[in-house]
Amino acid sequence: MIPVTDTIFLDESEIEESFIRSSGPGGQNVNKVSSAVQIRFDARRSRSLPDAVAVRLMRLAGSKLTQDGVIVITAQRHRDQARNRVDAVDRLVGLIREAVPPPVPRRATKPTKASKERRLEGKANRSGVKSMRGRIKLD
């Protein structure tokens with residue numbers, strides 16, 4: 001079990017890992033060793049996450065989310081598999097932690113009278129500046 005918060009724990013069986021070859025510089029090591037890690041987490045069907053958290057998580061995941069509701073995270077920052085695996089799981093846990101708190105509802109506010117007056121005064125000043133840019137009229 002991977003702890004996310006005090007109440008939410010991820011079951012390790014819900015995370016699928018696959019090891020792939022890393023891209024970028026590294027010489028022959030890149031061609032020989034599959035050090036990059038790709039983890040897949042099915043947010044839709046996860047029994048570990050409450051429904052509300054899963055919905056927020058899928059919204060937060062963005063381009064990491066597939067059409068099937070699976071979050072795919074690839075880690076290839078480090079040269080060895082174990083550190084990349086830890087990095088990928090940490091990034092998933094961080095994403096879930098970000099999705100746990102419910103969004104704060106927006107309270108509608110009205111602009112103050114003074115702010116309305118300042119806005120209109122600014123518009124009048126700008127209008128005056130622009131009107132002075134025109135041609136001079138000789139009567």
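Residues are numbered from 1 along each chain as its sequence is written. Because the model is predicted, local features need pLDDT of at least 70, side-chain atom pairs count only at pLDDT 80 or more, and totals for chains, interfaces and linings use all residues, while side-chain values use heavy atoms, with hydrogens and water left out.

**The salt bridges**

Side chains of opposite charge can pair when their charged atoms come close. Here a salt bridge means a side-chain nitrogen of Lys or Arg within 4 Å of a carboxyl oxygen of Asp or Glu. The structure holds three of them.

| Pair | N to O distance |
|---|---|
| Glu 17 and Arg 85 | 2.4 Å |
| Arg 77 and Asp 87 | 3.4 Å |
| Asp 87 and Arg 91 | 3.7 Å |

**Strand to helix**

Helices (H or I, at least four residues) and strands (E, at least two) are DSSP runs, numbered from the N terminus. Glu 17 and Arg 85 form a salt bridge. Glu 17 is partly exposed at 33%. Arg 85 is partly exposed at 32%.

**The network around Asp 87**

Arg 77, Asp 87 and Arg 91 are linked in a network of salt bridges. Asp 87 pairs with Arg 77 and with Arg 91. Arg 77 is exposed at 62%. Asp 87 is buried at 10%. Arg 91 is partly exposed at 29%.

**Helix H3**

H3 has 19 residues. The expected span of a helix is 1.5 Å times one less than its number of residues. For H3 that gives 27 Å, and the end C-alpha atoms are 27 Å apart, which agrees. Asp 87 is one of the buried residues of H3. Others include Asn 84, Ala 88, Val 89 and Leu 92.

Technical notes: Buried < 20%, exposed > 50% of the residue type's maximum accessible area, 1.4 Å probe, protein only.
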